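Colleague: I'd like to learn how to read a model like this one. Could you walk me through it?

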Amino acid sequence: MNIDHTPYEAEKLPNRSCALLWDESFLWGLMAWRALKEARLPFDVLRSEDVRRGALCRYRMIFVPGGWASNKINALGDQGMEEIRRFVAGGGNYLGICGGAGMATENGLGLLPIKRKPPRERVPSFSGPIRLSYAEHAIWHEIDTPVFFVWWPSQFQVEDPNIKVLARYEEAQADAFSADINIVDGGTIGWSELEQRYDILLDPSRLRDQPGVLEGRFGRGKVILSLVHFDTPGDKNGAAVLRNLWSYLISCCPSDFLIGVNCETGRSFTDVPKNILDSVEEIHAAITELIATGARNFLWYWRNPLLLQWRRGVRGLEYSTLAAMIGEIKRRLNNHGDSSPDRRLALPEAIDPSRWEEELKEIRGQLSPFCEKATHLLLKERLYMMNASLSPVECADEEISHLRHELFGSAMSHGGHFKRLIDPMDRMLYDLIKEE
């Protein structure tokens, strides 16, 4: 494959908004999309194939949200990665949050000369609100109380003096968690004892003064990498920083923030075919029952509308992702088109119903065996926890290990039966989102 290494020329880039890279983000892509909509920021949603075709030439910035960095890199391929490097080298800007930040490090795109700490040196399971200390910078404009959300971040290892640390972690807030332990309760029990029992680092004080937001340059482009999820829906501080980032990286004025926020007026819709609607309802009901199984067995509860808080040992993120994505598909089918109380359910005309029928057939074919085995796995894990601690990676019980491998693959990154189920669901959600 011949790749053109000529950089984009910033002066020739149109003053257009931001490209949100959708692929391999799943729940995190949905969170980012919602947060950008709430902040009323201009952006378009792109896939890796668009990047490979050179679509970045129309934008000032690419925003890569969370998700497994290795999966994102595989989706982009060598050509897609080179397109991003050319774009940033020529003056386009890069914003990466969580997995999108990890993708830009030395072992990924190589946009900044930084690494991620080895897994055994991290506090890998921290989640929730944390206070930051920050350096003077435009992105903190009008932020008085710098409390933001992080969701199971990696940690940066920064040695290059040219990298600016824009924010560092300070104290965790009372409703944060480390693994399945509330921060207040962990301090009462004693983090040292808990770390021995869990065999991972848990004490949130280990995060103090660690870098959470970085800035550097790659060629002529600005690169901002954040382990802090400014894209958490419903977070007013996060929305304010996102607006500041758009001003800083795209030179958007506050009056420009409505650009790209489309209304429904003048768009064409068609009635949702009954078989499509019935299939979505069936899938939603099956996943809702799966979530209920975990809840009544005290394995998790809803922490916010998109994320479960789960007990250590189960794969809560995957179940959160399934519920959030099918829930969003169902919601969007109900919300498109006429907003009157007696409106009919509508599908954007640009969506091919026959292709959706195929996607739904694929999902339904995967769903029944997945839910059956996942239910059995959850019950086995619940019983196992009654007698021993349970790691999400390893388990002495052969049946639990076999089911986990079959359902989720051999690594923590998404795989196995789950990946075959979530991919077509992701394509459907992308269809709905891009049409808005």
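Modeller: Let's start with surface. Accessible areas come from the Shrake-Rupley method with a 1.4 Å probe. Here, in a predicted model, the protein chain has an accessible surface of about 18800 Å², and carbon and sulfur atoms hold 48% of that.

Colleague: What share of the 436 residues in the protein chain is buried?

Modeller: Buried means under 20% relative accessible area. In this chain, that applies to 55% of the residues.

Colleague: Is Ser17 buried or exposed?

Modeller: Ser17 has 11% relative accessibility, so it counts as buried. Ser17 sits in the segment before strand E1 (18–21). Beyond its neighbours within four places in sequence, Ser17 contacts Pro42, Phe43, Asp44, Tyr59, Arg60, Met61 and Ile250.

Colleague: And the nonpolar core: which residues touch the most other members?

Modeller: Tyr94 and Trp246 do, in the largest nonpolar core, which has 137 residues. Helix H10 (residues 353–385) supplies the largest share of this core, 10 residues.

Colleague: Which residues make the nonpolar surface patch of about 270 Å²?

Modeller: Trp68, Val393 and Met412 make that patch. Take Met412: it lies in the loop between helix H11 (398–408) and helix H12 (416–434). Patch members need over 30% relative accessible area. Met412 has 33%, so it is partly exposed.

Colleague: How many helices and strands does the protein chain have?

Modeller: There are 12 helices and 17 strands. As for contacts with a separation of 6 or more, 76% of those in the chain join residues 24 or more positions apart.

How values were computed: Residues are numbered from 1 along each chain as its sequence is written. This is a predicted model: local features need pLDDT of at least 70, side-chain atom pairs count only at pLDDT 80 or more; totals for chains, interfaces and linings use all residues. Side-chain values use heavy atoms; hydrogens and water are left out. A nonpolar core is a set of buried Ala, Val, Leu, Ile, Met, Phe, Trp, Tyr and Cys residues joined through side-chain atoms within 4.5 Å. Buried means under 20% relative accessible area, exposed over 50%, partly exposed in between (1.4 Å probe, protein chains only). Helices (H or I, at least four residues) and strands (E, at least two) are DSSP runs, numbered from the N terminus. Patches are made of residues with over 30% relative accessible area and no salt bridge: like charges are joined within 9 Å, nonpolar side chains (Val, Leu, Ile, Met, Phe, Trp, Tyr) within 5 Å. A salt bridge is a side-chain nitrogen of Lys or Arg within 4 Å of a carboxyl oxygen of Asp or Glu. Contact means heavy atoms within 4.5 Å.
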